[in-house]
Number of protein chains: 2
Amino acid sequence: MERPKQSRGRLTGMAALLCAAAATGVMVCEADAQQEGRRRRGGQQEARPIEITPDQVAQLTRIANERKLNVDDLLSAAKTFMPSGKHDEYVLFSSGGQSGQVYAIGVPSMRMLRSIAVFTPESWQGYGFAGMNDPVHESLKINGHPVLWGDTHHPALSETAGEYDGEFLFIGDKANARVAVINLRDWETKQIVKNPLTISDHGAAFVTPNTDYVIEGGQYATVLGYGYAPIEEYKKHYRGMVTLWKFDRAKGKIDTDKSFAMELPPYWQDLADAGKGASDGYFFINSFNVEMATGGVERGNPPFEAGASKRDMDYLHIVDWKKAEQVFKAGKFDTINGFPVISLATSIAEGLLHFAPEPKSPHGVDVTPCGKYMVVAGKLDPHVTVYSMEKIKRAIETKNYSTTDEYGVPVLDFDAVKEVQVELGLGPLHTQFDDKGYAYTSLFLDSAVARWSLGGDYAKLHKEQPWKLITKTSVHYNIGHLSAAEGDTVSPDGRFLISMSKWSVDRFLPTGPLLPQNFQLLDIGEPGTAMPVIYDMPFPVGEPHYCQMIKADKLKTWTVYPEVGFNPHTMRLDPNSPRKGDEGVTREGNKVLVKMTSIRSHFKPEHVEVNEGDLVTWRIVSLETTMDATHGFCIGGYNINLSLEPGEYTEFSFIADRPGTYPFYCTEFCSALHLEMMGYLHVKPKSGVVGPVYGPVSGK
Amino acid sequence: MERPKQSRGRLTGMAALLCAAAATGVMVCEADAQQEGRRRRGGQQEARPIEITPDQVAQLTRIANERKLNVDDLLSAAKTFMPSGKHDEYVLFSSGGQSGQVYAIGVPSMRMLRSIAVFTPESWQGYGFAGMNDPVHESLKINGHPVLWGDTHHPALSETAGEYDGEFLFIGDKANARVAVINLRDWETKQIVKNPLTISDHGAAFVTPNTDYVIEGGQYATVLGYGYAPIEEYKKHYRGMVTLWKFDRAKGKIDTDKSFAMELPPYWQDLADAGKGASDGYFFINSFNVEMATGGVERGNPPFEAGASKRDMDYLHIVDWKKAEQVFKAGKFDTINGFPVISLATSIAEGLLHFAPEPKSPHGVDVTPCGKYMVVAGKLDPHVTVYSMEKIKRAIETKNYSTTDEYGVPVLDFDAVKEVQVELGLGPLHTQFDDKGYAYTSLFLDSAVARWSLGGDYAKLHKEQPWKLITKTSVHYNIGHLSAAEGDTVSPDGRFLISMSKWSVDRFLPTGPLLPQNFQLLDIGEPGTAMPVIYDMPFPVGEPHYCQMIKADKLKTWTVYPEVGFNPHTMRLDPNSPRKGDEGVTREGNKVLVKMTSIRSHFKPEHVEVNEGDLVTWRIVSLETTMDATHGFCIGGYNINLSLEPGEYTEFSFIADRPGTYPFYCTEFCSALHLEMMGYLHVKPKSGVVGPVYGPVSGK
């Protein structure tokens, strides 16, 4: 054999090291040490104030002119660019829309940091690719059927005293009326609950100020409990609902036994927001289609879009959840599909539910940080309507009703509860807040964000007239939600605001008939009235609805699992996890148990022999303890892929029903010898050797 | 009822318009006109050369100091920032690794533009969520089982005369040995072929210069045809392979009937590259584990990582594919699992296959743009080895063999075919090229990109000594592949290079134990030797392997489908597509046919009534013809979600086996009345009304 001519000694030395290391694990340490060194060299250094020399200005000018940038572009670039290794200040947790997932984005760089699989199996994360009885698949069944996607709408960060605490994230699935719990230690989904009353919803998830409850509102009225009734019996048999999922923070899960729902009239309930401060103990839900239109364009009726938009007023639902909790605990509920539901009659009798008129098909209700005001945006009304909690409480106390609705719910007098209406523009949808006494409302039809001044105590924070439009910034195009830094807390940060635009049209290179959405970053922290768009981020993986922005340093993220053998599903050390030395394959009848460890760069065992038809249970643990030393594990052709993060333990099982020779390998590039990190699953056929018989081998 | 106090006339007018529009479709045109106006206002204007005033310099300096940026950061920001509406110059089509998908990224902004679902069902795109017999699911079956994920590795853009032509993209699934065809008209996957010989592979996809063939190389040797043999019979029964998939450009699909494979020795074949220019008609495949190590650390054997790294030399496979095509057409093949395979004996006899020694576990083989040189990077050798096609041809002609391998394949004399070896650093993996006579090689263990000078005719393009290391740039961390602008064509652009780093460690905010990878953008277009990292992009959705960068203006993307009723699966107008006026529900026995149209903002019909147990076939078309006017369509609880892009037709079917009232709705925010774009699927129970019976309704 020929050999390379140069550096023989060096090669031999390296090869020797690799071989020795393979047996001893030394290589891991070597690699880690190198990594550590590199990290230090490449890491952040304390920056000294800079001055830009004339030569450097000339260089900047040349680049700008070559690229046809103007000075505003350079300023925007300077405000958003993140040098290598510098960390973003905020994390935006965004709905991923019909992708079924959640996505985390760094602000101000607007770089997507990671997907988090929630309602849709996702193979990179090994989410739903662990063979038979995969716990993810089990949690995704509805009516016994797998429903392997979701339409994620509204993420809600867990709160303590009205502040994001960085511990948990909740997200609703509109299509299938589910709520998921994500633990922000490891950024993994821990629980999915299916609403037992409705197939689809909309108003989830929203949390109360201490995360006692996760609120899941409905949307399209149905027969509760997955029931059926002809559409002609809409008013009689169809209903809305709101569900209060009790959150057990210690367990990190929703306690379904302590959760309950409330029956609502068959209007289409929309988004919710929980009161805080002055309104603590209440939550608020918008509604539309109080017309109770039932569509039927095919029969010559007005379509839903017209029928549900006829009236000038819909109903803001005002729910006293602390009182409702007492009513539930007192057992004053019915049961539908095995789930406790406080009936409308009980809600009315106990004073849990009041309505206030709200103009024209509202979409968003947003409580100001102090909790004193509720801002409602009726999408077919150019105003936002601001309600006063003080006035609402007084109207409830004094029974200042203008009417009751068809189902007997008292409707508070509009003028008695309204603080003010502020004219902003066409198609107002949602409102966010900053630290300077301003509110920001998205205008769908205007494609703009409006900044307006709050009144009351907020008037002390700014010099504007209260309750007035200050300025607008055009966005591109058709903004839905918007999200400000810590914008749903009792103390928003201001500084940054995201415009979640629904259409991008010409903003980016065309990507086929299906285009990304557009997250535009607005700088709302500059002095003066300007709030320029400083970044356009194509949202490339779904149509997101809402997002929340948390200060990054509030997150106490694990970068490796606390112990080798940790099971992320149970969030504890798994007694079944193999330890170093336990590796092997055992058999009882046709049941085979594999115990495997993985460390750079081999699995142990490297060969697993089973018989066709065996039921194989495979326990695998990563012995790694170094940040980013993730392994993957897949078996080709068997629909199995795991992500084995440092210390992680996983079990999967399958029936080896197809004979053959199946390579398994590490699917996450872990080392220079990553490609060699493989082995074979040998499924011995009942009939003996299968496969082609090769001719006589030539050669030596 | 109360009414809002202001702007009554305006509201009434708008409401009237909405209602009228609903029936006539006028609203669509109105909305489009508004959109068009906005687009013009927000669009790009011709930029005039700028000068940066001292005030503006002060502003930039202030921002830089507040954010602790240095001047290099400002320059990088200016080189990569894209103002709203300005389009990136290049599109990077990247493997999405274990996510199973492809992702498109704009360069230089490094913004992810869109995911393209390939091997994993994806609900935003409605990919694999069309009920029973979904064509995506059918195409993903292996051995009769659904395998609903992939490990995408190497994308390959279609080429004409060695240039990317922007028409198609191919991508391989390492885990399950599949190749997918994506049409770049609509950016959708049109075909998935499963390799009939091996369960997993690695070396896919690579194309010949006119895309005659898509090359799929193997990786871990198995018994071809999904066969079984004990590992002890490795040398006798295990084999490698390479498959040549014939591409039919007119049909936009691989023609499996005209495709064939070649048997290879049971080394682990790795990546491939097709010859061009001087080497047109050949392709080249690396291999490792010519040791034919069979691992077994559990039995005290050296693990694969050590056993497969023992020898100093592996074999570069040199395949004369034009000759192989003739041999195939002449019928000189065997058949394994129904697929034509040219046996090793035939390949040797016909002179289709030669080996050349290559140092130490190579990973990449890359052909220079002119086709004269093959660059091989042996990951355990600090050099790249450059082979000369001229010398290879001469050695083949003169039978200048140093030996034959164990299977009788002639091994060309190393010194006779080697042009040069260039010492670069530790862990060289892959090589790319620019327009100035330089090559760029990734160094995994050094975590660096090396620029080195080419020789031969390339020496005229630069002033350096030929075949010399020029400079290195540190990357973060553990770079695998790298990709230069138009880097695999006969005329690379230079300018930009992506370092696809495998570990990100500390580069970004931690995202749990699972971290993103890091795409770093290097500016290789500046004069001088520096090639700075100018952007760090977290890759948030999988571990990508390779990507290719194409000039954006080569893409002739459709932004709406050519006709209303177009079926993306067949790429033609579908005769089954409903037309306006066809809408309705018909029944034959227990078979129900739904014909539905969708346009902003209603479906027609809005009610679909079926009986429990009916087989429902649902045909739905979007009547939209406006860019970005996408609708979604989902049925809650039934695992169905479609993306109805403008003009798109889709059919799906399901058994209505669960009675109840199921809202369907538009899942892509399309208009101000998007939430009202809904209807009900009523599944009438065999037993009559189900669901709760409500008490007497109070009120009026």
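**Backbone notes on chains A and B**

Let's start with an alanine: Ala177(A) counts as buried, because its relative accessibility is 0%, under the 20% cut-off. This is a predicted model, so please read each point below as a feature of that prediction.

- Most residues other than glycine have a negative phi.
- Ala177(A) is not a glycine, yet its phi is positive, at about 50°.
- Ala177(A) sits in the loop that links β7 with β8 (178-183) of chain A.
- Ala161(A), also not a glycine, has a positive phi of about 50°.
- The loop that holds Ala161(A) lies between β6 (152-160) and β7 (163-173) of chain A.
- Buried or exposed: which applies to Ala161(A)? Ala161(A) counts as exposed, because its relative accessibility is 55% and the cut-off for exposed is over 50%.

- Four strands of chain B form an open sheet in the order β20-β21-β22-β25, and their pairing is antiparallel.
- Why is one side of β20 and of β25 in chain B left without a neighbour in the sheet? β20 (362-367) and β25 (418-423) are at the edges and have a single partner strand each, so one side of each stays without a neighbour there.
- On average, neighbouring strands of this sheet are turned by 20° against each other, with direction ignored.
- Helix α10 (residues 389-397) of chain B packs on the sheet, where it touches β21, β22 (383-388) and β25 of chain B.
- The direction of α10 makes about 60° with that of β22(B).
- β20(B) and β21 (residues 373-378) of chain B run antiparallel and are joined by five bridges.
- Within this pair, Pro362(B) has Gly378(B) in β21(B) as its bridge partner.

**Two cis peptide bonds (chain B)**

- Most peptide bonds are trans.
- Arg600(B) and Ser601(B) are joined by a cis peptide bond, with omega at about 0°.
- Ser601(B) belongs to the loop between β38 (591-599) and β39 (602-604) of chain B.
- Another cis peptide bond, again with omega at about 0°, links Lys604(B) to Pro605(B).
- Where is Pro605(B) found? Pro605(B) is in the loop between β39 and β40 (607-611) of chain B.

Methods
Residues numbered from 1 in each chain as written. Chains lettered and ligands numbered in written order. Predicted model: local features only at pLDDT ≥ 70, side-chain atom pairs only at ≥ 80, totals over all residues. Heavy atoms only, no water. Pairing = 2+ DSSP bridges. Helix = DSSP H or I, 4+ residues; strand = E, 2+ residues; numbered from the N terminus. Axes fitted to C-alpha atoms, helices over the stretch in contact; angles between N-to-C directions. Contact = heavy atoms within 4.5 Å. Buried < 20%, exposed > 50% of the residue type's maximum accessible area, 1.4 Å probe, protein only.
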